[in-house]
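Hello,

Here is the structure I promised to pass on.

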Amino acid sequence: MKEWIKDYIRLIGLVIGCAIVAILLLTLAYMIPRDLFVKHIEESESLLYALCDDHNINANLDGYVYDTKTNIITLEEVIAPREHTAFQDALLAPSSNYTRDFFGDWVNTLQNDAHAKSYSEDNKLTYPRYWHGFVLFLKPMFIFFNLGEIYQINTLIICALCFVTLLLIYKKEKAYVGPFLVLVALFNPPYIARSFQLSSVFYAMILTCILVLRWDDKEKRAHLFLYAFVIDGIILAFLDFLTYPPVAFVVPLCFVLVFSQQALLHNLLASIRYGIAFLLGYAGMWVSKWILASLFTDENVVAEGIESVLHRTGQGDATGADSAFNVEISPVSAMRENLRAFGTRPVKIMALLLLCAVVVEVVYMIRHKVGFTKRALGMFVIFVLLTIVPIAWIVVLYNHCSLHPHLEWREWLVAVFAPLMWLAWFWVDRRKKAVECR
């Protein structure tokens, strides 16, 4: 227990250190003169219109992948003129008051704001409860590239990371290549690369997968994995707008579990420890931002952050404002709408393939009279718990999930990936047992 406490104290120190480094890097980004990158955003008008959520999108095929409106919120922060010092702007994330055109032409709003040298008092907004870490990368990139080129670069990076991960999996155990390919196919990297928010969770997930696949020293693995998952949470909080965070945790954890040679109880306790580490990184970075912004600006961001947590869980004073969206907000509605958004044609195809895999596995077990060992049954229970994580997330954060199913439905990717990983693990485990018995 003392070692656990020491580990978590180190992790908290890492979170605090990362928060300080993050705000200093963002300050440098906010020091870049606005005129250097606004022109490239102006060039992107036609592309933004082409990718608008309501234009040229086949929801059944594309699965609500495009997220132009959230991208515009992001770009509004990139182009916003200086309101305070660079340090304070990094804390407050000022932008145009895009909510004034909430149900209108957001692309036109962005272009008008890009041309404005300064904003009027009634056209200013701050968004301090998130880190908006994407600004650190987008401000410098827009100096040299327009939006289309940045999308292409993002696609290449994401695909390269997928290839590296696939190669690492292949070297360790070929059986897990299939589940990973299914996951990547459902993500559809070229599509999510066109949304900065959808990309954010993918980056946290894939980088953590690479870490846990690379760190293979059995004696130090558990210690290193703690750092992998706290870094996972830190990256996610730095980049994300609360889209589908559990995916970034569950997918790497599945790889940790299938390659673990430890006893079942150890794996269960380790999963809890890694979950705590992830939450320390994720929640710790958020709270660090609230505290820093409250200390160095005139806004009470701690109070705003707490109200946001209450709001997104269906409580707090701000819930009444959601009536403007004319959407049913309840746990049942959140579940229904996210399942509906999830049930696209590619997903139905993958679900059919998953069903076929289960049938093949069951037939194999019957023919060869394969029984469940205690370890297999225990792993089955752990992976069932991981499979239902999306349900827990949607029920708890039903307010956010009801309003944003085009983002949140990706939580259900866990419900496809975790069973596939257990099936692959069971197959590998049976194969090893057969070899040992010869």
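Let me begin with a pair in helix α17: Arg340 and Glu337 sit three residues apart there, so about one helical turn separates them. Helices here are DSSP runs of H or I with at least four residues, strands are runs of E with at least two, and both are numbered from the N terminus. The two side chains form a salt bridge, with 3.4 Å between the closest N and O atoms; the term means a side-chain nitrogen of Lys or Arg within 4 Å of a carboxyl oxygen of Asp or Glu. Through shared partners, salt bridges join Glu328, Arg336, Glu337 and Arg340 into one network. Arg340 is exposed, at 54% relative accessible area (exposed is over 50%, buried under 20%, partly exposed in between, with a 1.4 Å probe and protein chains only).

Before I go on, please note that this is a predicted model, in which local features need pLDDT of at least 70 and side-chain atom pairs count only at pLDDT 80 or more, while totals for chains, interfaces and linings use all residues. Residues are numbered from 1 along each chain as its sequence is written, and side-chain values use heavy atoms, leaving out hydrogens and water.

Helix α17 (residues 331-342) also holds Ser333, which is buried at 1% relative accessible area. A polar atom of the Ser333 side chain lies 2.9 Å from the backbone oxygen of Glu328.

The salt bridges number nine. One of them pairs Arg129 with Glu304 at 3.2 Å, N to O. These partners are 175 residues apart and link distant parts of the chain, with Arg129 in the loop between β2 (125-126) and α8 (134-144) and Glu304 in helix α16 (residues 301-312). Arg129 is buried at 17%, whereas Glu304 is partly exposed at 25%.

As for the whole chain, it has 23 helices and two strands, and 52% of its 438 residues are buried. Helix α12 (residues 196-214) is largely enclosed by the rest of the structure, because 16 of its 19 residues are buried.

The largest nonpolar core has 137 residues, and Tyr176, Met205, Phe255 and Phe383 have the most contacts inside it. Helix α23 (residues 413-437) gives the largest share of this core, 13 residues. Such a core is a set of buried Ala, Val, Leu, Ile, Met, Phe, Trp, Tyr and Cys residues joined through side-chain atoms within 4.5 Å.

Best wishes

Definitions and conventions. Polar contact = N/O pair within 3.5 Å; in protein donor to acceptor, adjacent residues only side chain to side chain.
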